[in-house]
Amino acid sequence: MKRLVLLLFSVFLFLACATEKKEVSLRIPVQKDCIPTSESESHISNALKAEKKTAVEENETKQKESGQKEESVQDLLDSALELCQLANELWDRGEIDMALETLDQAYSLILKIKTDDPDIIQQRDDIRITIARRIVEIYSSKFTTATGNGKEIPLVMNKYVKQAIILFQTTERKFFIQAYKRSGRYRPMILKKLKEAGLPKELSWLPLIESGFTVRALSRARALGLWQFIASTGYKFGLKRTRWVDERMDPEKSTDAAIAYLKELHQIFGDWTTALAAYNCGEERVLRCIRAQKINYLDNFWDLYPLLPQETAFYVPKFLAVLHIVNNPKKYGFDLPKPDSPIETDIVTVNKQVHLMTVAKYINVPYKLLKELNPELRLNCTPPDEPYPLKVPKGKGQILLAKLDKIPVWRPKIPYYIRHRVRKGESLWLIARRYHTTVRAIMRLNNLKSGRLVREGKILRIPVGRKRIYYAEYTATASAKLVYNKKGIRYIVKKGDSLWEIARRFRVTIKEIMVLNGMRTHNLKIGQVIYIPAKVYLPDKKKNMKLSPYTVKKGDTPYEIAKRFGMRLADFLRINNLDKNSKIFPGQVVMVSVQ
């Protein structure tokens, strides 16, 4: 028994000593600058350092990825929109400085968005334009204060107005009388719209100064129509401009746009005389003149008169002179004629492209009258691929409906060439590649002896029509439907086709066509069915998309074509191997979706 106790005691002591040695060995401090005593210790130290470095890098990568995920493109867009809404609320509460600061923050978020996605780019640009407009409105409200209720147009008489009256009595007397006579065609419609908008009826005489009540009037500054809109301002207020239609020349649509613009200007400046000056030269120009006064309010328009451009400054006295004359013509020596009567019309929806001259013959009305009733038609024909509400004289609507099927479709001629101004760094090879033609064709059309040197700023004629070297031949069979799927585009070989021409037409290589179709030789047979590689991404929901060729017309843009055929802009660009910077031109063939 004693021996057993001694044995157990010895074992206990042995274990205790072993544990104590292990603890002591673990507590020995390690010097950071000590030199490893063996290669194994060196490997262990390096491995530990590498493992620690890898862990740190992985942690940093995760933080970056999480940061990018948190600050995604959509989050930036949403945040910018929220800041814009907050700025509106601050502006309504009168906190102008805070509203401007909030818009600055929204703009800084927009600048962080870097993407090639056309949809995101469009959203970003829409928000950017909204922010810019809001800043102009807020800033102008900060430095201008309305005097009076601003609803009336005061009939001021001063030396400037007297000069304008003398001008109408002498040099521009004939113009004034003719414009007054034409005013009867449009003033009843304008007066009705002004009354509905709550604006002064005197504004109905503004087109006399702008255009002489001529719907096709064009100024040196490229302002067009009854209300003389430039293209950018017209687009801002919803006036469409394509190859076929320019709504700046439509009396009713341009009047709606003018009323919206005048309302906005009156909201900014608070009185009609200053708003009219801004209508002539732009709100930014007038705002700069106001800021040059070194005061925080607009006391009187006539204080700005010496600071404004001479043409703009005299614009307001001319308008006031018109009001004085039409209110009391005999006082100023005028015997005004009876204004023309408005022309009553019927509206017929035309679903095909027809020329107004042909329509005039079928319904027996003067061609000139039909052009006058539809002034927004730039080429005197209805646009293709979309219905158009054609105006005809009263009583001729039923006749046109009865004869519409007999009226032939009008097809415009494909342009022979387009003009291109050479930019810095461009070569004939780059220009030919851009317009899908050849250097030799450009040289032949422009009588160039060498294709190596081309001067910056020179205007070249680029072949895109019937003499174009590269032109898709399936334009003549536009009614043929092509099935676009994951395998590619189904194509039927025609007489004269070669693999080289087909590959060039669809922007693929000969090898890709041969591999896809299992071809061993370049030989083709008429009527043979081959598949063209499709280098676009197709969502799972659109595994089979029916496409049809479409010939680009003058004035078309990728966005308008995509919208016309019910496609997303991103899908249209991918299907046609285009990007946001690609340029399309008349005569080019693109693929569009068909239902």
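Pro-387 touches Thr-349, Val-350 and Asn-351, leaving out residues up to four places away in sequence; contact here means heavy atoms within 4.5 Å. Pro-387 sits in the loop between α17 (367-373) and β2 (388-393), where helices (H or I, at least four residues) and strands (E, at least two) are DSSP runs numbered from the N terminus. Along the sequence, 38 residues separate Pro-387 from Thr-349, yet their C-alpha atoms are 6.2 Å apart in space.

The model is predicted, so local features need pLDDT of at least 70 and side-chain atom pairs count only at pLDDT 80 or more, while totals for chains, interfaces and linings use all residues. Residues are numbered from 1 along each chain as its sequence is written, and side-chain values use heavy atoms, with hydrogens and water left out.

For the chain as a whole, there are 24 helices and nine strands. Of the 595 residues, 41% are buried, that is, under 20% relative accessible area, with exposed meaning over 50% and partly exposed lying in between (1.4 Å probe, protein chains only). Among contacts with a separation of 6 or more, 68% join residues 24 or more positions apart. The chain exposes about 36,000 Å², of which carbon and sulfur atoms supply 53%; accessible areas come from the Shrake-Rupley method with a 1.4 Å probe, and for residues only the protein chains shown count as cover.

Arg-248 lies in the loop between α10 (231-236) and α11 (251-269), and counts as buried because its relative accessibility is 6%. Polar atoms of the Arg-248 side chain lie 2.9 Å from the backbone oxygen of Phe-229 and 3.4 Å from that of Arg-222. Beyond its neighbours within four places in sequence, Arg-248 is in contact with residues including Leu-224, Leu-226, Ile-230, Leu-239 and Ser-254. Asp-497, in the loop between β6 (489-492) and α21 (499-505), is likewise classed as buried because its relative accessibility is 12%. Its side chain makes a polar contact with the side chain of Tyr-491 at 2.8 Å; such a contact is a pair of N or O atoms within 3.5 Å, where within protein one must be able to donate a hydrogen and the other to accept it, and residues adjacent in sequence count only if both atoms are side-chain atoms. The Asp-497 side chain also reaches the backbone nitrogen of Lys-494 at 2.8 Å.

Turning to the pockets, the largest pocket holds about 1,100 Å³ of space. A pocket is an open set of points on a 1 Å grid over the protein atoms alone, where a 1.4 Å probe fits, with protein on both sides within 12 Å along at least five of seven lines; lining residues have an atom within 4 Å of a point. Of its 34 lining residues, Gln-122, Tyr-235, Thr-557, Tyr-559 and Glu-560 lie nearest the centre of the largest pocket. α5 gives the most to this lining, with eight residues. The lining of the largest pocket divides into 11 nonpolar, eight polar and 15 charged residues, with Ala, Val, Leu, Ile, Met, Phe, Trp, Tyr, Cys and Pro counted as nonpolar, Asp, Glu, Lys and Arg as charged, and the others, Gly among them, as polar.

The second largest pocket holds about 850 Å³. It is lined by 29 residues, with Glu-210, Ser-219, Gln-228, Asn-280 and Glu-311 closest to its centre. In the lining of the second largest pocket, 16 residues are nonpolar, nine polar and four charged.

Key
Grid points are joined across faces, edges and corners, and a volume is the space filled by probe spheres set on the points.
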